[in-house]
Amino acid sequence: MATLNHTSISHSFFILLGIPGLEDQHTWISLPFFISYLVAVLGNILLVFIIITERSLHEPMYLFLCMLAVADLILSTTTVPKALAIFWFHAGEISLDGCVTQIFFIHATFIAESGILLAMAFDRYVAICDPLRYTMVLSHTVIIRVGLAVVLRSFSVILPDVFLVKRLSFCHSNVLPHTYCEHMAVAKFACADIRVNVWYGLSVLLSTVVVDALLILVSYTLILNAVFHLPSRGARQKALGTCGSHLGVISMFYLPGIFTIITQRFGQHVPLHTHILLANICMLAPPMLNPIIYGVKTKQIRERVVSTFHSGTMLSLCD
């Protein structure tokens, strides 16, 4: 009878606490969150604008970078505004449907970013290892198909998460010690058996992000092998330079996530607020740093940014 009473009650909303244990520091913590989000939004919008409007940048590498910038905008906007609302206004309440929507966009965008980084690694592989066939292999039609495949894969593997969470009845506490809804964090508050959620979540991680990371590793092994066999020292430096920005972006995407997974699995004595801060770094660091890394490392983008601001300054002076 008790079981029936439990399963007949299910929370229709949750309360996000923010960062438990650091509630008195929320105002100060919000400052780096807000600055990072502002940089991410402005930087990625500028990057998309420059790539779309500058015809010389309509090359595979920059088109993939444009996709990455859009994904970064979605990822950061899905999580940070709600975190700032919690920090500033204590507005932690979120409906179950809102929570599920946030879960979908966070995980789908994360997997999409992983797929885009894999596509960018393949782009660098073809450019360095088979340059004569570069334009033929990576035509605009192929790029569009790759973009659609990335979106379709992320949508199809994460959509079941929505149904796996929606099927659950939540009879435990509806207070989530986090700044955003995360699949397993929400599932832990369910009354029902969540083994399907656990195993499906793990299988999605292994079949997408882990496979992508391994393929990127193989790609760069082949790339570096080809680079170090180039006869000219200048050619080697140029080839490494074109890969440097991409390697930096890959590091910003995978390393915080790997570190977070390690601390979650083996850091039982790590404070809860540390886990949550690390999870937020995964959401904040790539969107903020990606446009900076590419802006500094890529000559064409750097020159276009300078000319855009220079022309804007000249127009304001003329007015």
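H90 sits in the loop between α3 (60-89) and β2 (93-95) of this predicted model. Its phi is near 55°, a positive value in a residue other than glycine. H90 is exposed, with a relative accessible area of 69%.

The largest nonpolar core holds 71 residues, and L117, F170 and V186 have the most contacts inside it. Helix α4 (residues 96-129) supplies the largest share of this core, 17 residues. Take L117. Setting aside neighbours within four places in sequence, L117 is in contact with L68, I216, H246, V249, I250, F253 and Y254. A second core of 13 residues is separate, and L22, V41, L84 and I276 are among its members.

Next, the cysteines. The whole structure contains two disulfides. One joins C99 to C181, with an S to S distance of 1.9 Å. This link is left-handed, at -110° about the S-S bond. It ties distant parts of the chain, 82 residues apart: C99 lies in helix α4, C181 in the loop between β3 (175-176) and α7 (183-187). C99 is buried at 1% relative accessibility. C181 is buried too, also at 1%.

The other disulfide pairs C171 with C191, sulfur atoms 1.8 Å apart. C171 is in the loop between α6 (140-166) and β3, while C191 is in the loop between α7 and α8 (195-227), 20 residues away. C171 counts as buried at 19%; C191 is partly exposed at 27%. In sequence order, the bonded cysteines pair 1-3, 2-4.

C282 is buried, at 8% relative accessibility. C129, by contrast, is partly exposed at 28%.

Methods: Residues are numbered from 1 along each chain as its sequence is written. This is a predicted model: local features need pLDDT of at least 70, side-chain atom pairs count only at pLDDT 80 or more; totals for chains, interfaces and linings use all residues. Side-chain values use heavy atoms; hydrogens and water are left out. A nonpolar core is a set of buried Ala, Val, Leu, Ile, Met, Phe, Trp, Tyr and Cys residues joined through side-chain atoms within 4.5 Å. Buried means under 20% relative accessible area, exposed over 50%, partly exposed in between (1.4 Å probe, protein chains only). Helices (H or I, at least four residues) and strands (E, at least two) are DSSP runs, numbered from the N terminus. Contact means heavy atoms within 4.5 Å. A disulfide is a pair of cysteine sulfur atoms within 2.5 Å.
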